[in-house]
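This report goes through selected features of the structure shown below.

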Amino acid sequence: MDTATKTATEITGVLTDMNRMGHEQVVFCQDEATGLKSIIGIHNTVLGPALGGTRMWHYNSEAEALEDVLRLSRGMTFKSAIAGLNLGGGKAVIIGDSRKQKSEALLRRFGKFVESLGGKYITAEDVGMGTRDMEYIHMETTHVTGLPEYMGGSGDPSPVTAYGVYMGIKATAKYLWGSDSLKGKKIAVQGTGHVGQYLIGHLVKEEAQVMVADIFEDRLKECIEQYPVEVVDANNIYDLEMDIYAPCALGGTLNDNTIPRLKCAIVAGGANNQLKNELVHGRQLIERNIVYAPDFLINSGGIINVYGELSGYDRKTAMQKAEFIYEVTREVLNSASIQGITSQEAAMQFAQNRINAIAKINQTR
Ligand code: NAD
């Protein structure tokens, strides 16, 4: 196969993937001078501009980077839709080692590509990027969120994320036990990072019995210095007798290995992509009589926070908006139970219904 034929075949593959996942536009950006290799995925702009962070990662192949940007940008569409925001779903990836290959020139070149989309895509921080990097991107485009507070940005989103997760946990408790009080409930928080620690603050205040695990001693130390919590072994967290398991570390912790071990009634936490396989593991949780609060719904406080930047940021308003997660979680869980589907499927339905309804009003003059 010569190069021309090969390229054509690959392009057909990308379009097929976009069609399968429902993407509107995928933009490939490269710049020899700075070494920039980036892909911007715009999944859906029915509700508004596609907002989602930029991830810089040392992908093994361009195909892997493409798959990541397609999956992540699609996820943002549903997260913003269910959060009631007028935002579409987008995400960008920069291929490379963020510790070695990142430079002011590369980031500013990326900013120029973002600017060229005229606001259709708005970027933010993600893995491998920090607020300083956002400042460089901001030198070339105004379509950036997640800027530091001293630049008029919204700063660290994790207090708002954690508050939304707390609302989601309470709503799930209300659905299952008829009361949203968490007093005396045994709750295991996996990951005492940004979201985990703010969440623990709310749980402790409500006199829950909080158990915590982390793989880093310094994170645990920081946590136990502030809160009366019990430290548990990170490897055994799934085997504990507990009422609620709150994953606040990495994704994929609900899988074939862990679900059979869980002895809790509720899974509700801040981590993204908790279900290793959405369909299979969502169903496995139902079979084990465990109620699952969909992650992209209850951790949407982060995007709610960043959204505030578009119209003049105010932390109090962001917190108030995150409170709506309580009601939506209850509606989603009730709907899943009535329809006999997983809570993840019900949450996706809510998001898709909102997109479909707004698409119709967009057609009217
Ligand atoms: P973070 O890096 O501050 O915290 C994650 C913590 O998890 C770290 O302390 C890490 O040591 C720990 N950890 C990693 N693997 C572990 C394991 N196997 N067992 C126990 N602990 C482990 O990250 P964060 O900002 O708190 O985000 C946590 C999760 O929430 C991530 O999945 C993130 O994508 C998601 N999330 C965060 C936000 C936000 O506002 N920060 C918003 C939405 C979703």
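## Helix α5

In this predicted model, Y163 and Y166 are separated by about one helical turn, because they are three residues apart in helix α5, which covers residues 158-177. An α-helix has 3.6 residues a turn, so residues three or four places apart point the same way. Both Y163 and Y166 are buried.

The length of α5 agrees with expectation: at 1.5 Å a residue, its 20 residues should span 28 Å, and its end C-alpha atoms are 28 Å apart. Of these 20 residues, 16 are buried, so α5 is largely enclosed by the rest of the structure. After α5 comes G178, which has a positive phi near 80°.

## Aromatic pairs and a charge over a ring

Ring centres within 6.5 Å are needed for a pair, and the count comes to two aromatic pairs. In one of them, Y163 and Y166 have ring centres 6.4 Å apart and planes at 45°, so this pair is tilted. Y238 and Y245 also form an aromatic pair, with 5.8 Å from centre to centre and 75° between the planes, and this pair is edge-to-face. Y238 and Y245 are both buried.

A charged side chain also meets a ring: K185 lies over the face of W177, at 4.0 Å from the ring centre.

## Cysteines

How many disulfides does the model contain? The count is zero. A disulfide requires two cysteine sulfur atoms within 2.5 Å. For C223, the closest cysteine sulfur is that of C248, at 11 Å, which is too far for a bond. The sulfur of C264 likewise has its closest cysteine sulfur in C248, here at 13 Å, so this distance is also too far for a bond.

C223 is buried, with a relative accessible area of 0%. C264 counts as buried too, at 8% relative accessibility.

## Ligand surroundings

There are 19 residues around the ligand, and those that come nearest are T161, H194, V195, D214 and A249. Which atoms of the protein lie by oxygen atoms of the ligand? A polar side-chain atom of T161 is 2.7 Å from a ligand oxygen atom. For N272, an N or O atom in the side chain is 3.0 Å from an oxygen atom of the ligand.

Note on methods
Residues are numbered from 1 along each chain as its sequence is written. This is a predicted model: local features need pLDDT of at least 70, side-chain atom pairs count only at pLDDT 80 or more; totals for chains, interfaces and linings use all residues. Side-chain values use heavy atoms; hydrogens and water are left out. Rings of Phe, Tyr and Trp (its six-membered ring) pair if their centres lie within 6.5 Å; planes under 30 degrees apart count as stacked, over 60 as edge-to-face and the rest as tilted. Helices (H or I, at least four residues) and strands (E, at least two) are DSSP runs, numbered from the N terminus. Buried means under 20% relative accessible area, exposed over 50%, partly exposed in between (1.4 Å probe, protein chains only). A charge sits over a ring if NZ of Lys or CZ of Arg is within 6 Å of the ring centre and within 35 degrees of the ring normal. The expected span of a helix is 1.5 Å times one less than its number of residues. A residue is near a molecule or strand if one of its heavy atoms lies within 4 Å of it. A polar contact is a pair of N or O atoms within 3.5 Å; within protein, one must be able to donate a hydrogen and the other to accept it, and residues adjacent in sequence count only if both atoms are side-chain atoms.
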